[in-house]
Amino acid sequence: MLSPILPSTTKIELCEFKPAGGFPNPCEDYLSKPISLDELLINRPSSTFMFKVAGNSMFPTIPEDSMIVVDRSVEIQSGKIVLATVDGQFVVKELQRTNGKIIFHSHNSDYEDIEINSTEENLQDGVVWGVVTSVIKKL
């Protein structure tokens, strides 16, 4: 059973400058208007869900215990990271279409890619559950 994503009431201050990886700029010392993480991460609340990732098959892109934001309304395209079902289990993989084949690619070379027997129609109708639009991870 899926639980809805509850809207956040917390507003976080967004700095108007982008921190450099080098020396800090002391002139850029101000904040802009507050932002909502809901507005930043979720385009369509009615079709968006969050999941906690188990395993490291998508490491380093998506480490274990990261949260993924999945939107079911986003168009499924080759090169997108998707939440899909394989043998009745959810997996997070990069969707690749090559030479008429559909492959779920792992970013971690310790894991093999999964080639599936699927048509474009049933890919849209259940094999791919949704497209990953954001990753939230702790450092």
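Q: Where does Pro-60 lie in this chain?

A: In this predicted model, Pro-60 is found in the loop between strand S3 and strand S4, the latter covering residues 67-71.

Q: How should I read the peptide bond from Phe-59 to Pro-60: is it cis or trans?

A: The general idea is that most peptide bonds are trans, and that most residues other than glycine have a negative phi. In this structure the bond leading from Phe-59 to Pro-60 is cis, with its omega near 10°.

Q: What is the phi of Asp-65, and where is the place of that residue?

A: The phi of Asp-65 is near 75°, which is a positive value in a residue other than glycine. Asp-65 sits in the loop between S3 and S4, the loop that also holds Pro-60.

Q: What phi does Asp-87 have, and is that residue buried or exposed?

A: Asp-87 is not a glycine, yet its phi is positive, at about 55°. Asp-87 belongs to the loop between strand S5, residues 81-86, and S6, and with a relative accessible area of 78% it is exposed, because the cut-off for that word is over 50%.

Q: How do I read the burial and contacts of the chain as a whole?

A: Burial is given here as a share of residues, and 32% of the 139 residues in the chain are buried. Contacts can be sorted by separation along the sequence: among those between residues at least 6 apart, 48% join residues at least 24 apart. As for the surface, the chain has an accessible area of about 9700 Å², and 53% of that belongs to carbon and sulfur atoms.

Q: How many aromatic pairs are in the structure, and how is one of them described?

A: As a general idea, a pair of aromatic rings is described by the distance of the centres and the angle of the planes. A search of the whole structure gives four aromatic pairs. In one of them, Phe-51 and Phe-90, the ring centres are 6.1 Å apart and the planes stand at 50°, so this pair is tilted. The pair connects distant parts of the chain, with Phe-51 in strand S3 and Phe-90 in strand S6, 39 residues apart.

Q: What does the pair of Phe-51 and Trp-129 look like?

A: Phe-51 and Trp-129 form an edge-to-face pair, with 5.5 Å from centre to centre and 90° between the planes. Phe-51 lies in strand S3 while Trp-129 lies in strand S9, residues 128-136, so the pair ties together parts that are 78 residues apart in sequence. Both Phe-51 and Trp-129 are buried, and together with Phe-49 and Phe-90 they form one aromatic cluster.

Q: How much space lies in the largest pocket, and what lines it?

A: The largest pocket holds about 220 Å³ of space. Its lining consists of 15 residues, and those nearest its centre are Val-53, Ala-54, Phe-90, Val-91 and Val-92. Strand S3, residues 48-52, and strand S6, residues 89-98, each contribute at least two lining residues, and the largest share, four residues, comes from S6. Sorted by class, the lining has 11 nonpolar, two polar and two charged residues.

Q: Where are Ser-36 and Glu-39, and is each of them buried or exposed?

A: Ser-36 is placed in the loop between strand S2, residues 31-35, and helix H1, residues 37-41, and with a relative accessible area of 4% Ser-36 is buried. Glu-39 lies in helix H1, and its relative accessibility of 59% makes it count as exposed.

Notes. Residues are numbered from 1 along each chain as its sequence is written. This is a predicted model: local features need pLDDT of at least 70, side-chain atom pairs count only at pLDDT 80 or more; totals for chains, interfaces and linings use all residues. Side-chain values use heavy atoms; hydrogens and water are left out. Buried means under 20% relative accessible area, exposed over 50%, partly exposed in between (1.4 Å probe, protein chains only). Contact means heavy atoms within 4.5 Å. Accessible areas come from the Shrake-Rupley method with a 1.4 Å probe; for residues, only the protein chains shown count as cover. On a 1 Å grid over the protein atoms alone, a cavity is a set of points where a 1.4 Å probe fits but cannot get out, and a pocket is an open set with protein on both sides within 12 Å along at least five of seven lines; lining residues have an atom within 4 Å of a point. Grid points are joined across faces, edges and corners, and a volume is the space filled by probe spheres set on the points. Ala, Val, Leu, Ile, Met, Phe, Trp, Tyr, Cys and Pro count as nonpolar, Asp, Glu, Lys and Arg as charged, and the others, Gly among them, as polar. Rings of Phe, Tyr and Trp (its six-membered ring) pair if their centres lie within 6.5 Å; planes under 30 degrees apart count as stacked, over 60 as edge-to-face and the rest as tilted.
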